[in-house]
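Me: Could you walk me through this fold, one question at a time? I'd like to know where each answer comes from.

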Amino acid sequence: MRAWYHGAYRTHSASDGYLSLPIMLKLLSLGNLSVLVLDINAGLYGPRGEPRENFHFCPAVAALLPTLQTLHIRLQFICPDILKIIDSYEALRLSTLVINTTLIFSRSGATSTSPSRRCLRGQGELLQLRSDLQEQAEALSHRMSSPKIVRLLTHKLPTFETLSLDVLTGVTMILDDSSPWDADGKIVEEDTKPESELSDSDWPDSSEE
């Protein structure tokens with residue numbers, strides 16, 4: 001069984017900037033998923049309208065890892081728990097994993113970007129979050145029976161080029177904006193890194209009009 005969800009991001013309002021957390025959890029409750037593609041630039045809110053910052057969505061995704069073969073995911077709030085599974089001695093069927101940590105949103109006709117933030121706390125150094133995700137992705141790849149694609153997508157400042165880190169090989173590539181997340185791109189030199197250690201305040205504030 002396959003599941004896709006694309007949630008557009010516009011503004012931080014209860015009506016069009018957030019998605020219902022219960023609805024998303026219901027989507028993840030579908031049994032025997034083999035392919036899961038979640039592209040959610042929007043935030044999530046709970047039954048009482050509490051913002052997503054008060055909830056932890058990642059474990060619900062991680063619970064599906066034992067059955068998944070493909071996982072593509074982009075969330076406004078994310079952490080390494082999304083790739084942590086309960087101890088199991090069985091090799092995972094998962095062979096394709098792509099995490100995109102760059103949010104794309106539009107405001108007043110202009111397109112801009114903002115980075116994913118760490119769950120619950122929501123603040124801190126961006127490179128630390130990405131480093132933690134990379135480390136957990138590497139650990140998960142050792143549990144895969146036949147890993148094919150394990151990628152972490154970021155943006156480089158100030159050029160805003162899309163960088164795709166191949167976790168299996170350590171190679172970083174530049175992707176065209178129109179390229180699929182799991183596409184190969186132009187290999188960059190080893191000294192090409194994502195932006196220097198930045199805090200969330202260094203990026204455009206997507207919560208403001």
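This is a predicted model: local features need pLDDT of at least 70, side-chain atom pairs count only at pLDDT 80 or more; totals for chains, interfaces and linings use all residues.

Reply: Residues are numbered from 1 along each chain as its sequence is written, and side-chain values use heavy atoms, with hydrogens and water left out.

Me: How many helices and strands are there in the protein chain?
Reply: Helices (H or I, at least four residues) and strands (E, at least two) are taken as DSSP runs, numbered from the N terminus. On that basis the protein chain has 3 helices and 14 strands.

Me: What share of the residues of the protein chain count as buried?
Reply: Buried means under 20% relative accessible area and exposed over 50%, with partly exposed in between (1.4 Å probe, protein chains only). The protein chain has 209 residues, and the share that counts as buried is 49%.

Me: Which residues have the most contacts inside the largest nonpolar core?
Reply: A nonpolar core here is a set of buried Ala, Val, Leu, Ile, Met, Phe, Trp, Tyr and Cys residues joined through side-chain atoms within 4.5 Å. The largest one has 38 residues. Among the elements giving it two or more residues are helix H1 (21-28), helix H3 (126-141) and strand E11 (149-156). The residues with the most contacts inside this core are Leu38 and Leu97.

Me: Which residues is Leu97 in contact with, leaving aside its neighbours within four places in sequence?
Reply: Contact means heavy atoms within 4.5 Å. With those neighbours left aside, the partners of Leu97 are Leu71, Leu83, Ala137, Leu140, Met144, Ile149, Val150 and Arg151.

Me: Is Leu75 buried or exposed?
Reply: Leu75 is found in strand E5. Leaving aside neighbours within four places in sequence, its contacts include Ile40, Phe57 and Leu103. Leu38 is 37 residues away in sequence, yet the two C-alpha atoms are 7.7 Å apart in space. With a relative accessible area of 3%, Leu75 is buried.

Me: Which residue stands opposite Val98 in E11?
Reply: Two strands pair if DSSP finds at least two bridges between them. E7 and E11 pair in the parallel sense, over 5 bridges. In E11, the residue opposite Val98 is Arg151.

Me: Why is E11 described as largely enclosed by the rest of the structure?
Reply: On its other pairing, E11 is joined to strand E12 (residues 161-166) by 6 bridges, and these two run antiparallel. Thr154 has Leu163 as its bridge partner in E12, and Lys156 stands opposite Glu161. E11 is largely enclosed because its buried residues number 7 of the 8.

Me: Which residue takes a positive phi in the hairpin of E12 and E13?
Reply: E12 and strand E13 (residues 172-175) run antiparallel, joined by 4 bridges, with Leu163 opposite Ile174. The hairpin has 5 residues between the strands, and the one with a positive phi, near 85°, is Gly170.

Me: What relative accessibility does Ser164 have?
Reply: Ser164 is found in strand E12, where 5 of the 6 residues are buried, so that strand is largely enclosed by the rest of the structure. Leaving aside neighbours within four places in sequence, Ser164 is in contact with residues including Leu152, Val171 and Met173. Ser164 counts as buried, with a relative accessibility of 0%.

Me: Where do the buried residues of H1 lie around the axis?
Reply: The buried residues of H1 are Leu21, Met24, Leu27 and Leu28. Their arc around the axis, taken from the directions from the helix axis to the C-beta atoms, is only 120°. Exposed Ile23 and Lys26 sit on the face turned away from the buried side.

Me: How many disulfides does the count come to?
Reply: A disulfide is a pair of cysteine sulfur atoms within 2.5 Å. For Cys79, the nearest cysteine sulfur is that of Cys119, 3.9 Å away. The sulfur of Cys119 is 3.5 Å from its closest cysteine sulfur, in Cys58, which is too far for a bond. By this rule, the number of disulfides is 0.
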